[in-house]
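Morning, everyone. I have one structure to walk through today.

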Amino acid sequence: MKYLHLVWSALFRRKTRTLFTLLSVLAAFLLFGLLNSVRQAFANAGQSVAGASRMITISKVSFMVNLPLSLEMRLQAVPGVAEVTYANWFGGIYQDPKNFFANEAVAPNFFDVYSELKLPPAQMAAWQATRTGAVVGASLAAKFHWKIGDQIPLQATIFPQKGGVNTWTFNLVGIYHIANPRERQQENALFFHWKYFDEAAAFGGGVAGWYVEKIAQPKDADRIAQAIDAISANSDHETKTQSEDSFQASFVSQFADIGLIVGGIMGAVFFTLVLLTGNTMAQAVRERIPELAILKTIGFSNRSVLALVLAEAVLLLALGGAAGLGLADVAVSLIRARLGAIPMLPVGLESWLQGVGLMAVIGLLVGALPARRGMRLRIVDALAGR
Amino acid sequence: MSPLVEIRNLSKVYTRGRQKIEVLHHVNLDIGKGDFLALMGPSGSGKTTLLNLIGGLDSPTEGTIAVAERRIDKLGQSELARWRSSNVGFVFQFYNLLPMLSASRNVELPLLLTKLPAAKRRSHAAVALELVGLADRAPHKPGELSGGQQQRVAIARAIVSDPTLLVCDEPTGDLDRQSAVEVLTLLQRLNREHGKTIVMVTHDPKAAEYASHTLHLDKGTLVEAGAEAQAAAS
């Protein structure tokens, strides 16, 4: 610590240059924080504690192909299955396509299977009693300033009503919450009665988009999946059953390999950052050769000079990186509050630890060559300006 | 009593490309404890090289240097660095202060290598600045001080760890006459009142007058030696 003022003063010897370099580091770590937040949101999709005890059954052909409702009773009979529910994707739009959020027609026991979606008993009763009732997550309600009693019109993109009416109007009767902040992304959805959907839709009656089975023991998942899929084997509606985690992972991977994309972008960003900060450090040390020579003259060892330059590089990265990650934390909170549909997790301890690791590694990397130069300089040559 | 600095048969050869340049040629010199020695000579005569060798900034090609009976020509780089930090103070022509640090912080620099706590380091630096008459300029950065003041801060830095030996390379070479007199008077006081042994390289005969005696170098050889050197040679 006694050398901190020495490192600090060396870092801010050229204030403008250091400021611009700090801004570059800040921007890189801001991007890292934001992208890592998205990556983690996708990586964590479906990985809730409750999700480990749920399985999803879809058509073996495609997620878009429906399954007969008659399957429900047979699934319920499979040993190890505690409860079965089902749902249909609706795909309605609220006011504008950019206001995207998930909206699904669900069975009456949907909230029993998804017990992490907490709905007050009175609202649950109201939903069960209201044919056109809808339940939304707290984040979605906050985003559109909805309150209980509001009517929510959704424009159908797939399922018009009988008679050609394209607008489905739902009565908001419940707002659910999720306690775990890492799963709060699931608060951006609207659920309404499958029965209302089935009766009012112009086509597609008597089918479920997918089934969800709550199982008693997660360790039995493989056996149960095989038993479920065996029910429909060699039929016109063969099924594919997997754990909710696996389902979410394969669903996300249909869009893109988020980890690969984020990794690629961050690789490019940090590569540029290494070149930029490396250049800054090289310039800074080149300018200070006589000063480093003086330090050695008065007794600083080669290793001390090496450590001072490395500490300067790491401090540069740490200042910019901490500011960038802090800003990312604030930005993610704002984005989550205002644009709930974007999957992001708060910048948590994991991101900070990864960030600090990157700051240290990049700092040591960009400081290595200048530090070596400082360490190896010959005092008499440096003082003579050679 | 043995001299503080004993130099025997000292040679220094620099290699520049294929060319070998002998800067010092079999120099013998004794510097007594408490001496104020001025080294004079034309450019390229080897004055600064000799000073650098005495101060442990460079190693000889041949010969021996002992300071307080310790053979510094045998020390490795790390040992030399440690030895310099506690035995030698350096004063250069262009002050060589760190521009981003205050006068006080500059003076404190050598003490960072000791185990002194921060409060002690600060008080030692304050005493050194007081000694050179710059206590009131402690918070100022080098850019806010005159040349003479900067050189006095450099002297304070050189003496703060209480070394026995001060090596000064053209300490007045960049100063006006008035400032030069102040700096030379200060060095003389450090020599006479505080017992510092000083070796000063200078081009200026007036500056050399402040020393207790003067030696001349020419083409790497002492051409006018004091009694100590003659005795050493014999």
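Start with the centres of the two domains of chain A. Domain 1 of chain A and domain 2 of chain A have centres 47 Å apart, taken over C-alpha atoms. Keep in mind that this is a predicted model.

Where do the domains run? In the domain assignment of chain A, domain 1 is made of 4-44 + 257-383, and domain 2 covers 61-237.

Now the sheet in chain A. It is an open sheet of nine strands, and its pairing is mixed. Read across, the order is S6-S7-S5-S8-S4-S3-S10-S1-S11. Which strands sit at the edges? Strand S6 (151-155) and strand S11 (239-243) of chain A do, and each pairs on one side only. On average, neighbouring strands of this sheet are turned by 35° against each other, direction ignored.

Strands of a sheet pair through backbone hydrogen bonds, either parallel or antiparallel.

Look at the S11 end. Strand S1 of chain A, residues 54-59, pairs with S11(A) in the antiparallel sense, over five bridges.

Next, two helices that lie across strands of chain A. Helix H8 of chain A, residues 221-231, lies across S1, strand S3 (81-89), strand S10 (210-215) and S11 of chain A. Its direction is about 165° to S11(A). Helix H5 of chain A, residues 121-129, lies across strand S5 (133-137) and strand S7 (167-176) of chain A. Helix H5 runs at about 155° to S7(A).

On to chain B. Its secondary structure comes to eight helices and 10 strands. Why call chain B compact? Its radius of gyration is 18 Å, close to the 17 Å that the globule rule gives for 234 residues, so chain B is as compact as a globular protein of that length. The C-alpha atoms of chain B fill a box of roughly 50 × 45 × 40 Å along the principal axes. Of the 234 residues of chain B, 50% count as buried. Among contacts in chain B with a separation of 6 or more, 70% come from residues 24 or more positions apart.

Last stop, the interface. How many residues of each chain take part? 20 residues of chain B are in contact with 18 residues of chain A. Helix H2 of chain B, residues 77-87, gives the most to the chain B side, with six residues. By type, the chain B side divides into 11 nonpolar, five polar and four charged residues.

That's the tour. Questions, please.

Methods
Residues numbered from 1 in each chain as written. Chains lettered and ligands numbered in written order. Predicted model: local features only at pLDDT ≥ 70, side-chain atom pairs only at ≥ 80, totals over all residues. Contact = placed C-beta atoms within 7 Å. Helix = DSSP H or I, 4+ residues; strand = E, 2+ residues; numbered from the N terminus. Nonpolar A, V, L, I, M, F, W, Y, C, P; charged D, E, K, R; others polar. Pairing = 2+ DSSP bridges. Axes fitted to C-alpha atoms, helices over the stretch in contact; angles between N-to-C directions. Rg over C-alpha atoms; globule rule 2.2 N^0.38 Å. Buried ≥ 20, exposed ≤ 12 C-beta atoms within 10 Å, placed from the backbone. Domains from an automatic or database assignment.
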